Amino acid sequence: MDSKRPYQYRALRRIATLLLVALTLASCTWVKDDTEECRYGFWLQLHYTYNILDVEAAPEYINDAFVYVYDADGNYVRRIDVTRAQLTANNHRVRVEGLDEGDYQFVVWSGIGNSPYAVTEDTKTISDFRVQLAATGSTASTQLPDLYFGALPTVHYDSRYAVYDVSMMKDTNQLSCLAVSLADDSLTPDNCSLTMTASNSAMDARNRLSSPLTVEYTPFQQKAVTIDDPDYGELHGVQFSIKTLRLMADSDCRLLLHKKGQDEPVLNISLPEYIALIGSLYTNLGREVGLQEYLDRQDFYTVVLLFSEGLDQLLQLRVNSWRVRAYNHLKL
């Protein structure tokens, strides 16, 4: 009996080893969130570093994903819908499976499932796709949900393990605008209004503006405020909050301030033009960037308008703490 024990022990060790290997291999199927250890499948890794801080923010801000799959010629193949729970479980990777071997291109949107947006021609070719404001008419007054876009050019799909990076970009911007008259308290929520006009109501599958329709964005919040200004002390004015779709350097976007009882606006300026005047546009990397990159990376703008008495002159304009002072060149 004793002579058989070493053989029995070796046999038991072999069985235990085989079970361990089997469980390890099976875990790649059972445990979907361990994609680093289980090197299988075709994955899209979603990143959101194209922001003003140059940091990875996908886990915090990318809450869902709608992946449009097109063949190499741009013909629609299918859509993959991914929830936040699925993204979190897979480290913000999207599994693509069930395609025939071949070349494909991928377009990723996050946020289009929210009601303010409508997706049209989404089951046709890539050139037909549009995402746009769903509201009828040409006015938007709600706080739009955040919208993100990403794309992967044509790559080859087969059964081999592959991970492709998809860089997401935010397509919504919020504007907080404070209008103040330095000489008096003549601006109140009851006697003035602010609007933003832009031809940015729709975007295509390349994230380009695709509609000539001019949208009038009105504040989703408007209130009286008092601030302690370092230059002028206590100031009283009106704060307007507006949410808009993507801002483009080569597409006019205008801010208009109206005073009650006056036909012409007190202020009518191009917002991208004045953002371009704030000096060296930069990110936290410390390098200068072009205006369009700044508009795409920066998703929140604080604009302060300081008027003279009677609102006949804009004395100073501030954008994100940058100051443009009036030397007879600030155009109203």
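**Before starting**

This is a predicted model, in which local features need pLDDT of at least 70 and side-chain atom pairs count only at pLDDT 80 or more, whereas totals for chains, interfaces and linings use all residues. Residues are numbered from 1 along each chain as its sequence is written, and side-chain values use heavy atoms, with hydrogens and water left out.

**Stop 1: the five-stranded sheet**

Helices (H or I, at least four residues) and strands (E, at least two) are DSSP runs, numbered from the N terminus. Two strands pair if DSSP finds at least two bridges between them. Select β3, β2, β5, β9 and β11, which in this order make up an open sheet of 5 strands with antiparallel pairing. The edges are held by β3 (76–82) and β11 (169–170); each has a single partner strand, so one side of each is left without a neighbour in the sheet.

Next, select residues 148–157, which form strand β9; 2 bridges join β9 to β11, and the two run antiparallel. Phe 149 is found opposite Met 169 of β11.

Remaining in this sheet, move to Gln 105, which is placed in strand β5 (residues 102–110). Is Gln 105 buried or exposed? Its relative accessibility is 6%, so Gln 105 counts as buried (buried means under 20% relative accessible area, exposed over 50%, and partly exposed in between, with a 1.4 Å probe and protein chains only). Display the side chain of Gln 105: it reaches the backbone oxygen of Asp 71 at 3.0 Å.

**Stop 2: the three-stranded sheet**

Select β6, β7 and β14, an open sheet of 3 strands in that order, again with antiparallel pairing. Its edge strands are β6 (117–120) and β14 (202–203), each of which pairs on one side only. Between β6 and strand β7 (residues 130–133) there are 4 bridges in the antiparallel sense. Val 119 has Val 131 in β7 as its bridge partner.

From here, follow the chain into the loop between β6 and β7, where Glu 121 is found. Although Glu 121 is not a glycine, its phi is positive, at about 55 degrees. Glu 121 is partly exposed, with a relative accessible area of 35%.

A further positive phi, near 65 degrees, belongs to Asn 207, a residue other than glycine. Select Asn 207 in the loop between β14 and β15 (215–217). Asn 207 is buried, at a relative accessible area of 2%.

**Stop 3**

Select residues 221–229 (strand β16) together with β17; the two pair in the antiparallel sense over 9 bridges. They form a hairpin, with 3 residues between the strands. Gln 222 stands opposite Phe 240 in β17.

Asn 173 has Thr 244 of β17 as its bridge partner.

**Stop 4: the cavity**

On a 1 Å grid over the protein atoms alone, a cavity is a set of points where a 1.4 Å probe fits but cannot get out, and lining residues have an atom within 4 Å of a point. How many cavities of 30 Å³ or more does the structure hold? There is 1. The largest cavity has a volume of about 40 Å³, a volume being the space filled by probe spheres set on the points, which are joined across faces, edges and corners. To display the lining, select Ala 198, Ser 199, Asn 200, Leu 209, Arg 246, Leu 247, Met 248, Ser 251, Asp 252 and Cys 253. Cys 253, one of these lining residues, is buried, with a relative accessible area of 2%.

**Stop 5: the cysteines**

Under the rule that a disulfide is a pair of cysteine sulfur atoms within 2.5 Å, the count comes to 0 disulfides. Select Cys 192, which is in no disulfide: the nearest cysteine sulfur, that of Cys 177, is 9.7 Å away. Cys 192 counts as buried, at 6% relative accessibility.

**Stop 6: Ile 278**

Finish in the loop between α4 (271–275) and α5 (291–297), where Ile 278 lies. Ile 278 is buried, with a relative accessible area of 3%.

How values were computed. 1 Å grid on protein atoms, 1.4 Å probe; cavity = no way out; pocket = protein on both sides within 12 Å on 5 of 7 lines; lining within 4 Å. Polar contact = N/O pair within 3.5 Å; in protein donor to acceptor, adjacent residues only side chain to side chain.
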